[in-house]
Amino acid sequence: MFLGVAWSGTSDAMLDFIDRHGITFPTIVDQSGEIYLRFKVPYQPAWVFIDAEGNNRRVMGSLGEDELLENIQTIT
């Protein structure tokens, strides 16, 4: 499952970004920054991959399709 987490900016800006980029997975706003702090994400874009046991690995920066698939395979 994918979940987008927006931190900075307004809800309107987030919705515009979602529409502009054709994002279809659920996206939430982390206004308090609690999620970003928990996973030690200092900036976007960032990815946090969480396995079935709750172990997580953070990857900073953009990922291409191949890199995304490689990271998903490491947690399944």
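Predicted model: local features only at pLDDT ≥ 70, side-chain atom pairs only at ≥ 80, totals over all residues.
Strands β3 and β4 form a hairpin with five residues between them, and within this turn G54 adopts a positive phi of about 90°. Residues are numbered from 1 along each chain as its sequence is written, and side-chain values rest on heavy atoms, with hydrogens and water left out. The two strands, β3 covering residues 46–50 and β4 covering residues 56–60, run antiparallel and are joined by five bridges, where pairing of two strands requires that DSSP finds at least two bridges between them. Within this arrangement, V48 stands opposite R58 of β4.

The protein chain as a whole contains three helices and four strands, these being DSSP runs numbered from the N terminus, with helices (H or I) of at least four residues and strands (E) of at least two. Read along the sequence, these elements follow the pattern β-α-β-α-β-β-α. The C-alpha trace spans about 35 × 25 × 20 Å along its principal axes. Of the 76 residues, 21% count as buried, a class defined by a relative accessible area under 20%, with exposed meaning over 50% and partly exposed lying in between (1.4 Å probe, protein chains only).

The loop between α2 (34–38) and β3 holds P45, and the peptide bond leading from Q44 to P45 is cis, with omega near 0°. Q44 also lies in this loop and, at 45% relative accessibility, counts as partly exposed. The C-alpha atom of Q44 is separated by 8.6 Å from that of S62, a residue 18 positions away along the chain. Another member of the loop between α2 and β3 is K40, which has a positive phi of about 55° although it is not a glycine; with a relative accessibility of 61%, K40 counts as exposed.

Turning to charged side chains, a search of the whole structure finds one salt bridge, the term denoting a side-chain nitrogen of Lys or Arg within 4 Å of a carboxyl oxygen of Asp or Glu. This salt bridge is formed by D16 and R20, whose closest N and O atoms are 3.0 Å apart. Because D16 and R20 are four residues apart in helix α1 (residues 11–21), they are separated by about one helical turn. D16 is partly exposed, with a relative accessible area of 43%, while R20, at 54% relative accessibility, counts as exposed.

A negative surface patch is formed by E65, D66, E67 and E70. Such patches are made of residues with over 30% relative accessible area and no salt bridge, like charges being joined within 9 Å and nonpolar side chains (Val, Leu, Ile, Met, Phe, Trp, Tyr) within 5 Å. Lys and Arg count as positive and Asp and Glu as negative, His and the chain ends not being counted, and the place of a charge is taken as NZ of Lys, CZ of Arg, CG of Asp or CD of Glu.

Notes
Areas by Shrake-Rupley, 256 points an atom, 1.4 Å probe, with all protein chains shown as cover.
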